Amino acid sequence: MPDEFQADRRAAVAGLLPAVSPVRRLDPAGRLTSDEADYPAPSDTLLTRAYEAMVIGRRLDAQCTALARQGRIAAFPSSLGQEACEVGAALSLRPTDWLFPTYRDSTALITRGVDPLEVLTPVRGYGHCGYDPYATRCAPMATPLATQASHAVGLAVAARRRGEDLVAMVLLGDGATSEGDFHEAVNFAAVFAAPVVFLIQNNQYAISVPLRRQSAAPALAYKGVGYGARSEQVDGNDVLAVLAVLAAAIEHARSGLGPVLVEAHTYRMGPHTSTDDPSRYRDEAETELWRARDPISRLEAYLAGRGLVDVAGTARRAETGAADLRRQVAGEVSVDPASIFDHVYAAPPPSVAQQRSALRAELAEPLSSNGGRP
Amino acid sequence: MTETMPAPAPAAVRPGAGGRPPDGTPTSENRTMVEALGAALRDAMAADDRVVVFGEDVGALGGVFRVTSGLRDAFGDERCFDTPLAEAGIVGFAVGMAMYGSRPVVELQFDAFAYPAFEQIVSHVAKMSARTAGRVRLPIVLRIPYGGGIGAVEHHSDSSEAYYAHTAGLKVVTPSTPADAYVLLRAAIDDPDPVVFLEPKRLYWNRSPQPDVDVPPAPLGRAAVRRAGQDVTLITYGPAVPLALAAAQAAAGRGWSVEVVDLRTLVPFDDETVVASVRRTGRALVVHEASGFAGMGAEIAARVSERCFHSLAAPILRVTGFDVPYPPPKLEQHHLPGVARILGALGRLQWDDQPDTYWLAGPPPGDRR
């Protein structure tokens, strides 16, 4: 092969490869590291916003876990320990951008401004997606893993062709990178040079299965390289690094250079959901190791050292938010059972209309005279 | 991406329009189903610049069946484009485009090659409207060439309609004539709901094999009576319609007057037309290529017996493919319903008031059904 061809290839690969070790700006004690100066530092304003959102997000997350234990809501997938990723993702986006979250991304949605009560609609059991995707520019939380990734690609391409410069960000877990939909979406994004950022929150577990049983890749970030997507890995418990890396990724995507895949190394401190029991598959010692890398205490130490943090005030606001949520969730919701027929089709075909009438008759007259017909 | 080419004027082809245009474009009277489908896509793209066509090989090649032939040249690479070879990705991409205002018309190359997209279709395409309380609607058309009878190797001949018909939120359409292919595809593209548009590939190259009864352009959900009759209603759709008409013709020679109902859309199901016919004839036979067990025929037989029980002189019978994986091409004619099997089933509709013992004793010796 000609030398210049090989040199081109080497340059192309080098432009895609992630850093050898995750990008980090704050060590676990909250001290600035000296490395990775090629990413501009996030502003103090952004960091104080991130701190506030992380504390509030964690408090609401704890509130939701408590509500699930009380049986007020269904099994809740906590993102405890992943606040730097959740908040970092939400704060990196412009209002015109789109977020494609999973079921574990309540904190990202709330940080983006979605009403917490609407975020909880699925686990409250009254509906599926509680918020308006167009008003919030947040897709419904995806439960089937990685299936929302290709939606983000299609939406981003459609928007670009309309001359809009929005970016779509997909949130994924480590387990989702084993799904075919993930690979197809990254490939499509690269082929169409779509303005999409894939953020993998590698929280080390897919329910009970640890990362080493999920993938033999040196890092999940390398999964982007084979598709021609620029890739990076970052300390997912360091919000300075997460914000810096995501800002660059979004800028890259927005400027038409194609998608970026970012792997954030983090840890799911809690169970998969409130019905899970992590003691069956992991050691407490491991959890303790990650507790020492906590994203909030790390940021708090850094900001406190610079006099930029109002710990008591933030905690107070978080408590207020939790109390509001408790009060709201306690309220009863009245939903018309026949509404299950409302949006199956734009206009109900005769068979759907007929079944709706049958249900209405049943509701009007329990054990009624409909002859036992469904 | 290249810039969009100027869109051509809508082709002068309309169902029922007579005369061959000076440019030699096939008219509705002489075109094949492939040409009719292509005309529908072309006209829909010209009428609405939100309509985009994509899938595998739909660009330069014009599709493996040539349905999309010429669309890329006419409308440019942003309106008609090839995708990577990944059906889940294709349908997921369509979901995203539809969320942002496009009206994707996707080609999934063959029935069995659509299965990788099944999760996207069932969990997202079908449910998005209900999941979002109607805020996000997905006006997507999934075109799927389906069915057998073309001598293809395995995985190219499945009748997959029951999977889609079973999934609430989807509309399921299948034409049986070139004229209907045009009308139904235009209606599917205009429809606010996602539509699985099943194209019977054995009829792709047919040129009006049967008289096109006047079918006015209408929203989806109306069946058509293809042949009027008094004694029995033969309910069928898609690839089995020409077969049903041939069987009805043969049955006339035996003194049975068979009414043939072409469903055209499986979902929504046109109970009204079917029920009116069966109540009048008093007998019903369902014919389709797909395996019978838990298939469309089971649903149709149940619906008709629920609604027409007191009009029925005989149980509703089904003539379907066997409950086997689609056979190799040299054997497919034994699997697919044929005129003889349909005539055999017609004969078992208790014309002499004697009970049908077929299911007790099996077919009589020499029975060729």
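This is a predicted model: local features need pLDDT of at least 70, side-chain atom pairs count only at pLDDT 80 or more; totals for chains, interfaces and linings use all residues.
**Helix packing, a buried strand and the A–B interface**

Helix α1(B) crosses α7(B) in a right-handed sense.

On the α1(B) side the contact consists of Met33(B), Ala36(B), Leu37(B), Ala39(B), Ala40(B), Asp43(B) and Ala44(B). Facing them in α7(B) are Pro178(B), Ala179(B), Ala181(B), Tyr182(B), Leu185(B), Arg186(B) and Ile189(B). By class, that contact has twelve nonpolar residues, two charged and no polar.

Next, the interface between the chains. Here 34 residues of chain A are in contact with 37 residues of chain B. On the chain A side, at least two residues each come from α7 (133-136), α8, α9 (180-191) and α15 (350-364). Which helix gives the largest share? That is α8(A), with ten residues. The side of chain A that touches chain B divides into 19 nonpolar, ten polar and five charged residues.

One helix pair spans the two chains: α8 of chain A, residues 149-161, packs against α3 of chain B, residues 87-99. The axes are 6 Å apart and the angle is about 50 degrees, which makes α8(A) oblique to α3(B). This crossing is right-handed. From α8(A), the residues in contact include Ser150(A), His151(A), Gly154(A) and Ala158(A). From α3(B), they include Gly89(B), Gly92(B), Phe93(B), Gly96(B) and Met99(B). The contact has ten nonpolar residues, six polar and no charged.

Last, a strand in chain A. Is β7(A), residues 260-265, enclosed or open? Six of its six residues are buried, so the strand is largely enclosed by the rest of the structure. Both faces are covered. Val260(A), Val262(A) and Ala264(A) are buried on one side, and Leu261(A), Glu263(A) and His265(A) on the other.

As for its pairing, β7(A) runs parallel to β3 of chain A, residues 196-202, over six bridges. Within that pairing, Val197(A) is opposite Val260(A). β7(A) also pairs in the parallel sense with β6 of chain A, residues 230-235, over six bridges. There, Glu232(A) has Val262(A) as its bridge partner.

Note on methods: Residues are numbered from 1 along each chain as its sequence is written. Chains are lettered from A and ligands numbered from 1 in the order in which they are written. Axes are lines fitted to C-alpha atoms, for helices over the stretch in contact, and angles run from 0 to 180 degrees between N-to-C directions. Helices (H or I, at least four residues) and strands (E, at least two) are DSSP runs, numbered from the N terminus. Angles under 35 degrees count as roughly parallel, over 145 as roughly antiparallel, 65 to 115 as roughly perpendicular and the rest as oblique. A crossing is left-handed if the near helix is turned anticlockwise from the far one by less than a right angle, and right-handed if clockwise. Two residues are in contact if their C-beta atoms, placed from the backbone, lie within 7 Å. Ala, Val, Leu, Ile, Met, Phe, Trp, Tyr, Cys and Pro count as nonpolar, Asp, Glu, Lys and Arg as charged, and the others, Gly among them, as polar. A residue is buried if 20 or more other C-beta atoms lie within 10 Å of its own, exposed if 12 or fewer, and partly exposed in between; C-beta atoms are placed from the backbone. Two strands pair if DSSP finds at least two bridges between them.
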